[in-house]
Amino acid sequence: MTAHLDYSPEMPDVLNAARQIREGERTSEALIEQCLQQIKSHNPTLNAFGDVYYQQALEQAVLCDREHRQGKHRGPLHGVPFGVKDLFSTAGLRTTRGSLTSLNNVPDDDAPIISRLKSAGAIIIGKTATTEFGWTGSGYSRVFGHGRNPWDPELTSGGSSSGSAISVAARMVPAALGSDGGGSVRIPGAFCGIFALKASLGRIPTWPWSATEMLSHAGPMTRTVRDSAFLYDLLSGPDVRDHQALPAKTESWLERCAQPLPPVRVHYSPTLFDTPVDERIAACVGKAVERISCLPSVALSVQPLTWPSPFETFDTLWSGGRGVVYGATLHQSMDRLDPGFAALIERAQHLTLSDYLRAQKQRAEFACEVHALFENVDLLITPTLPVLPFPAGQHVPDNQPAGNSGVEWARWTPFTWPFNISGHPAATIPCGFTPEGLPVGLQVIGRRYAEGDVLQFCAAIETLMPWDHLRPEIIS
């Protein structure tokens, strides 16, 4: 089966891919062929994908093109290829969850986000790499090979949605799906230089049940803000399998992105919890904030926030949820687990019900502090991360002191997981590069349920400081 070579050398983003297929400028078959070629060229180096459905994806593309010629249209994503994080259940397709203990796991049912992606006409081209059960913020993986950063393959991509971020940044696919229980779309999004929004808890329904359901979110990872807004319009809404799922949205977030930015009160905190920020990140974010402050609609205030760190709260909830549940099911497979994850499970066995309930109370108290901030501001901005990518194959940076916590990765990601605790929408958006050529992320946080505000503000930044024309040297 040979695709018609009617594509341009540049991988289109989602909106353009959908438009080109719809208007007959490009065939789905040709786009799939282009994606497969990119995967063949760069996956051996970057480790973005595990399973790739070469024949199945091409067959689906041929069918989509035939239906298009017959005037049939599956949906807004007709024939557009996607990568899917290997934590999501996919009916009939292996879902390893990044673990040597699950290499033969083939679900019978699709997760809600997968069902909606298919209903919109998309083609799943492959499963993207993740850390074991999504437990760490690095790109460490014994199943897929450590996730490597397209901007410097010696460095980590970040995780746990490592493969999804890599695949988008390296132009292997127009977009991919990820999940975020403590920063897992924002961490690799910032390291790899793409856009990723963790929405309010329950915005996109999740299933099967997660041991950290109060922290876990599903969502797209894209090159542009408008792509994410478009996909959230398609993928949001309730599902009977998720008791936390929110009601259907009443507005189009893509349309919000096209509207002029209204007056908005933005608070910039250069750090959180007195965390030292790498001077290159601080300089890059500071320049971006200065440019943002010149937008006529923006009223900017600048002052570090004085919230106490909720690290122990997150540590207990994450270790308790992941460690106790997986410890019960994997107690006979501990020797096959990532040693770091095995250590988390072991530590979790010493947590008590009192510890867990105390953490739930502390979570509520911290969430109320975040809510209180938004009584006086519309948006909060911070660096997405205080550190730059470190060598691939490590869980933590070289200079991080050794600790005894099962979530040591949370010590170098202190700006992301607090908003999983509180449930607020938080996005990472590229805001510049270090002198070494590594992308830097700016985090934008909004009120609960106000993702439209976050996306509209990020769209204004995207117009002010565009980034999608910049590509890693490895794919140039």
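Predicted model: local features only at pLDDT ≥ 70, side-chain atom pairs only at ≥ 80, totals over all residues.

Q: How many strands are in the open sheet, and what is their order?
A: The open sheet has 11 strands in the order β1-β3-β2-β6-β8-β7-β12-β13-β11-β9-β10, and the pairing is mixed. Helices (H or I, at least four residues) and strands (E, at least two) are DSSP runs, numbered from the N terminus. Two strands pair if DSSP finds at least two bridges between them.

Q: Which strands are at the edges?
A: The edge strands are β1 (49-52) and β10 (298-302), each of which pairs on one side only. From one strand to the next, the twist averages 30°. Axes are lines fitted to C-alpha atoms, for helices over the stretch in contact, and angles run from 0 to 180 degrees between N-to-C directions.

Q: How do β12 and β13 run, parallel or antiparallel?
A: Strands β12 (residues 426-433) and β13 (residues 439-446) run antiparallel and are joined by seven bridges. Pro 430 stands opposite Gly 441 in β13.

Q: Which strands does helix α3 lie across?
A: Helix α3 (residues 54-69) lies across β1 and β3 (123-128), and runs at about 160° to β3.

Q: And at what angle do α2 and α3 cross?
A: The axes of helix α2 (residues 28-46) and α3 cross at roughly 160° and come within 8 Å. That makes α2 roughly antiparallel to α3; angles under 35 degrees count as roughly parallel, over 145 as roughly antiparallel, 65 to 115 as roughly perpendicular and the rest as oblique. Residues making the contact (heavy atoms within 4.5 Å) include Ile 32, Leu 36 and Ile 39 of α2 and Leu 58, Ala 61 and Val 62 of α3. The contact of α2 with α3 divides into nine nonpolar, one polar and four charged residues. Here Ala, Val, Leu, Ile, Met, Phe, Trp, Tyr, Cys and Pro count as nonpolar, Asp, Glu, Lys and Arg as charged, and the others, Gly among them, as polar.

Q: How are α10 and α11 set to each other, parallel or perpendicular?
A: The axes of helix α10 (residues 311-330) and helix α11 (residues 339-348) cross at roughly 100° and come within 8 Å. The two helices α10 and α11 are therefore roughly perpendicular to each other. Among the residues of the contact are Trp 318, Arg 322 and Tyr 326 of α10, with Phe 341 and Leu 344 of α11. By class, the contact of α10 with α11 has eight nonpolar, three polar and three charged residues.

Q: Changing topic: what is the volume of the largest pocket?
A: The largest pocket has a volume of about 610 Å³. On a 1 Å grid over the protein atoms alone, a cavity is a set of points where a 1.4 Å probe fits but cannot get out, and a pocket is an open set with protein on both sides within 12 Å along at least five of seven lines; lining residues have an atom within 4 Å of a point. Grid points are joined across faces, edges and corners, and a volume is the space filled by probe spheres set on the points.

Q: Which residues lie nearest the centre of the largest pocket?
A: Of its 30 lining residues, Leu 87, Pro 208, Trp 209, Ser 210 and Tyr 326 lie nearest the centre. Helix α10 gives the most to this lining, with four residues. By class, the lining of the largest pocket has 14 nonpolar, 12 polar and four charged residues.

Q: How many cavities are there?
A: There are three cavities of 30 Å³ or more. About 100 Å³ of space lies in the largest cavity, and the closest to its centre of the 15 lining residues are Trp 151, Arg 171, Gly 193, Trp 467 and Leu 470. Strand β12 gives the most to the lining of the largest cavity, with three residues.

Q: Which peptide bonds are cis?
A: The bond from Trp 207 to Pro 208 is cis, with omega near 0°, and Pro 208 is in the loop between β7 (195-198) and β8. The bond from Gly 159 to Ser 160 is also cis, with omega near 10°.

Note on methods: Residues numbered from 1 in each chain as written. Heavy atoms only, no water.
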